[in-house]
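These are my notebook entries on a structure that I examined entry by entry. I recorded what I looked up and what I found.

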2 protein chains.
Amino acid sequence: MLFRLLPVLHVLGLMLMFFSVTYLMPIAASLLADDGTWIDFVDAMAVSFCFGALMTVLTSRHKRELKPRDGFLLVTLAWVLMAAIATVPLLLVIDGLSFTDAFFETMSGLTTTGATVLTGLERLPPAVNLWRHELNWLGGMGIIVLAVAILPLLGVGGMQLYRAETPGPMKDSKLTPRIAGTAKALWLVYAALTLACILSLKAAGMDWLDAVCHAFSALSLGGFSTYDASVGQFDSPLIEAVLIVFMVLAALNFATHFLAFRERSLAAYARDAEARAVAVLLASSILICAVYLAGQGTYPDFSSSLRHVAFNLVSIATDCGYASQDFDKWPIFVPMWMLFLSCVTVSSGSTGGGIKMVRALILAQQAQLELKRLIHPSLVTVIRVGRMAIPPGVSGAVLGFIFLYVFTVIELSFFLMASGLDYISAFTAIIACINNMGPGLNVVGPAQNYQALTDFQTWVCSAAMLIGRLEVLSVFVLFTPSFWRR
Amino acid sequence: MLFRLLPVLHVLGLMLMFFSVTYLMPIAASLLADDGTWIDFVDAMAVSFCFGALMTVLTSRHKRELKPRDGFLLVTLAWVLMAAIATVPLLLVIDGLSFTDAFFETMSGLTTTGATVLTGLERLPPAVNLWRHELNWLGGMGIIVLAVAILPLLGVGGMQLYRAETPGPMKDSKLTPRIAGTAKALWLVYAALTLACILSLKAAGMDWLDAVCHAFSALSLGGFSTYDASVGQFDSPLIEAVLIVFMVLAALNFATHFLAFRERSLAAYARDAEARAVAVLLASSILICAVYLAGQGTYPDFSSSLRHVAFNLVSIATDCGYASQDFDKWPIFVPMWMLFLSCVTVSSGSTGGGIKMVRALILAQQAQLELKRLIHPSLVTVIRVGRMAIPPGVSGAVLGFIFLYVFTVIELSFFLMASGLDYISAFTAIIACINNMGPGLNVVGPAQNYQALTDFQTWVCSAAMLIGRLEVLSVFVLFTPSFWRR
Ligand SMILES: [K+]
Ligand SMILES: [K+]
């Protein structure tokens with residue numbers, strides 16, 4: 001067990017030392033805004049650096065090249081450890097905040113869930129708000145690399161389809177150098193889009209702090225906001241339109257963005273079967289729901305119905321999680337449909353969560369094939385997603401993923417119900433957390449937050465975020481005895 | 001299209017002629033009870049016989065041996081047509097009953113769903129109540145043959161595992177003779193168990209009519225009752241115990257019963273992996289829920305909590321659908337868990353519905369295999385359910401089934417929500433109907449029935465029953481163009 005754990009802790013120690021650099025941003029913000037919290041962030045920076053240094057030194061005898069199998073432990077512990085260490089400034093600045101709530105907040109940030117237990121966000125010191133949004137953004141950076149470079153290499157539930165995109169031999173290869181190359185290219189795209197978003201939001205009327213914060217939480221699909229009323233605070237169709245564009249971009253595969261950028265052509269998007277399916281599903285859902293709400297009289301006219309459906313539906317479906325209206329008050333058909341979309345309308349290789357479009361496409365293709373096989377039992381055919389032929393083993397991997405995903409949703413929902421939460425709150429909270437989406441309905445609805453939950457319920461939700469972020473299998477595999485064998 | 005349709009209609013015509021014989025039972029009951037409805041049943045008998053004879057004669061030029069592919073059309077039309085013709089006596093006897101409601105009632109009977117749109121059941125003429133329960137029982141007969149002999153032959157979503165049990169070559173073989181042999185053996189078991197149940201219920205204190213009716217609806221897992229209060233009417237632990245035994249027996253594979261009967265030994269049950277899993281899941285769920293309800297103070301002591309949980313949980317989990325308490329008022333954890341169980345805790349080859357235990361076991365095995373593959377990517381292994389090795393194609397078939405099952409649940413729930421039903425009622429109604437279980441929660445809860453639904457909602461629920469009963473794929477395949485090609 002230690003053979004596997006210690007070399008991973010060595011790398012994590014280094015990671016924490018690097019992580020301490022990220023405190024420079026809130027320190028600068030605090031000094032600029034003169035909100036007096038800079039000293040707390042300096043303390044937090046020191047804690048992170050020293051703790052990381054200690055870990056690195058203590059485990060230095062066990063340093064070795066990491067193998068793919070170590071990757072599962074690395075990513076799971078990375079998210080847990082960083083969330084834990086990132087609680088320090090929140091605990092220092094915010095009076096009366098419990099560790100449970102602080103951990104929920106930072107885990108929510110780093111997994112880009114964006115659910116919050118804090119109220120009065122607009123009264124938080126600017127540095128603290130910036131720090132929360134930076135966690136979204138850093139989480140997003142981690143996820144893009146995780147989704148595009150690490151998970152396919154690890155063969156997680158269908159994602160091995162994308163193995164081809166990371167060149168070179170697979171088996172027992174060294175993890176780090178290849179990932180570093182891919183990461184650099186992807187982060188370039190991510191940073192460029194973030195910059196574009198900041199400038200667009202500023203031009204649309206936000207101040208610089210809000211623009212930076214919301215660009216961070218839009219590109220990462222984190223969905224944190226600097227206001228309790230979320231994007232509803234601005235009541236600006238222009239800001240909503242800008243955010244819709246960047247949320248949809250963030251819900252596409254960043255490898256596709258990179259290809260489009262390298263080829264200086266939009267052809268990469270047209271070739272991307274996931275992107276096409278996401279676009280079609282979003283557009284048709286917006287239209288149907290806007291007509292439905294207008295028909296039900298929720299909004300006086302079609303254009304305001306369209307505006308509010310477009311923003312909130314895209315926000316929930318892409319797993320960003322902003323709200324501009326209390327959609328919990330809409331006829332239940334629409335919010336439930338939005339929650340359903342949040343499971344599928346994001347691409348693999350994006351910062352969104354849930355089942356992902358590629359798995360939904362594989363499932364749908366498999367179902368069609370089975371219907372054909374009922375008529376022609378000896379039919380041998382290959383299922384395809386876009387132009388990509390799906391190797392036979394991938395169906396099994398998707399089946400395994402779906403089973404564990406559904407199993408987790410059911411188990412964790414029942415934990416919440418058994419601890420006293422009503423069914424809709426329990427089920428939607430787990431869906432919102434495991435999809436790294438954010439708001440649920442009822443007790444955890446868009447006009448509420450996760451503050452009403454008990455400590456036990458808060459931990460269950462934190463677990464759901466982590467499990468969802470790491471595509472379920474990467475966490476479950478740590479609980480199999482054979483993982484820990486040499 | 002007519003090439004496929006007409007020979008099937010010829011067989012269905014014969015079936016309707018045979019079906020008219022089933023009216024003899026309510027006619028006899030009406031004469032015995034002197035409730036005056038015998039003339040309506042004679043009329044209904046004549047309609048069924050004449051309509052069937054007309055169909056047979058008109059299509060006699062198109063008579064041919066049926067092929068496996070015809071089976072899908074045969075079973076779907078058989079359930080629809082029989083439900084339609086069985087509405088005749090209900091429409092004749094019950095004033096003001098609409099065709100929509102009558103069709104729901106007969107479809108609910110023949111699919112052994114047991115949901116009702118009628119109130120004042122205890123005031124219905126005895127012959128009508130017997131007729132409703134006979135529909136349950138006849139539906140059960142059809143389902144056992146369907147599940148053990150027909151669907152495996154047709155290769156429906158994982159059920160082809162059981163193909164081995166029906167001997168002889170598969171491809172293009174003649175459907176009828178083989179099925180007839182299997183059917184006879186199974187019906188023997190079914191009839192023997194029904195007789196045992198009638199006598200046990202009479203001994204436990206029911207009158208003959210109630211004993212026959214409840215034995216019919218217990219063995220078929222239909223769940224119709226002669227009282228609005230269902231089995232709660234009797235308030236008898238003994239009757240509940242008898243029904244628990246027969247419900248559990250009915251939830252096992254009737255092929256296993258037949259083997260045990262032929263071998264004069266219980267070893268067949270021990271060999272049956274599904275039976276073991278059903279038993280373990282039921283027993284542990286009863287214990288956990290009884291402790292939970294006692295702890296929550298729903299019942300004053302553990303023994304009454306155990307009694308009520310045991311009966312209602314077994315009833316819902318086995319898809320029978322009786323209620324002895326208004327479990328909708330229990331803390332939501334328990335009824336939701338019961339609804340979840342209703343998807344999985346019945347064996348294939350039983351009269352229960354839903355996903356079935358064998359598919360759940362295949363899914364769980366596949367998920368375990370995928371976790372192992374993350375650690376040893378080149379691992380080649382066979383998944384097993386009990387001693388049965390699962391051929392590779394079956395995983396894909398299960399994946400296809402699950403996708404279409406979940407797709408149907410989601411789509412139909414959204415139809416109900418869009419037409420104004422609340423989320424819990426909509427979702428639980430569809431689960432209750434597609435699993436052929438019976439009561440849902442809220443508007444369609446155990447203390448209510450399906451009368452509150454609009455006509456549109458009633459038809460959606462009728463469709464869910466049919467789709468669930470025919471294991472989803474058998475219905476969906478009719479909507480593929482290639483089905484209708486030569
Ligand atoms: K989010
Ligand atoms: K039933």
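Before starting, I noted that contact means heavy atoms within 4.5 Å. I also noted that the model is predicted.

**Entry 1: Gly222(A)**

I located Gly222(A) in the loop between α8 (208–219) and α9 (237–250) of chain A. Is Gly222(A) buried or exposed? I recorded Gly222(A) as buried, because its relative accessibility is 0% and buried means under 20%. I then listed what Gly222(A) touches, leaving out residues up to four places away in sequence: Thr112(A), Thr113(A), Gly114(A), Asn136(A), Ser217(A), Cys320(A) and Met437(A).

**Entry 2: Asn436(A)**

I found Asn436(A) in the loop between α17 (423–434) and α18 (455–469) of chain A. Asn436(A) has a relative accessible area of 0% and is therefore buried. Setting aside neighbours within four places in sequence, I noted contacts of Asn436(A) that include Thr112(A), Thr113(A), Leu221(A) and Asp319(A). I also noted that the Asn436(A) side chain comes to 3.2 Å from the backbone oxygen of Met465(A).

**Entry 3: the UniProt record**

I consulted the unreviewed UniProt entry, where the annotation "binding site" covers Thr112(A), Thr113(A), Leu221(A), Gly222(A), Asn436(A) and Met437(A). These residues are spread over 326 residues of sequence, yet they cluster in space, with a largest C-alpha distance of 8.7 Å.

**Entry 4: the potassium ion in chain B**

Which protein donors does the potassium ion (ligand 2) have? I listed the O atoms of Thr112(B), Thr113(B), Leu221(B), Gly222(B), Asp319(B), Cys320(B), Asn436(B) and Met437(B), at 2.5 to 2.8 Å from the ion. Along the chain, the donors follow the spacing T-T-x107-L-G-x96-D-C-x115-N-M. Distant parts of the chain are linked here: Thr112(B) is in the loop between α6 (99–110) and α7 (126–154) of chain B, and Leu221(B), 109 residues apart from it, is in the loop between α9 (208–219) and α10 (237–250). I recorded both Thr112(B) and Leu221(B) as buried.

**Entry 5: chains A and B together**

I looked up the interface last. In it, 43 residues of chain B contact 45 residues of chain A. The two chains bury about 4100 Å² between them, with 81% of it on carbon and sulfur atoms. How many salt bridges and polar pairs join chain B and chain A? I counted zero salt bridges and five residue pairs in polar contact, both residues being at pLDDT 80 or more. On the side of chain B that touches chain A, helices supplying at least two residues each include α4 (68–85), α15 (333–344) and α17 (392–418). The most is given by α17(B), with 12 residues.

How values were computed. Residues are numbered from 1 along each chain as its sequence is written. Chains are lettered from A and ligands numbered from 1 in the order in which they are written. This is a predicted model: local features need pLDDT of at least 70, side-chain atom pairs count only at pLDDT 80 or more; totals for chains, interfaces and linings use all residues. Side-chain values use heavy atoms; hydrogens and water are left out. Donors are N, O and S atoms within 2.8 Å of the metal (3.2 Å for Na, K and Ca); water is not among the atoms, so sites may look incomplete. Helices (H or I, at least four residues) and strands (E, at least two) are DSSP runs, numbered from the N terminus. Buried means under 20% relative accessible area, exposed over 50%, partly exposed in between (1.4 Å probe, protein chains only). UniProt positions are given in the numbering used here, feature names are shortened, and annotations may be inferred rather than shown by experiment. A polar contact is a pair of N or O atoms within 3.5 Å; within protein, one must be able to donate a hydrogen and the other to accept it, and residues adjacent in sequence count only if both atoms are side-chain atoms. Buried area is the accessible area (1.4 Å probe) that two parts lose on being put together, summed over both. A salt bridge is a side-chain nitrogen of Lys or Arg within 4 Å of a carboxyl oxygen of Asp or Glu.
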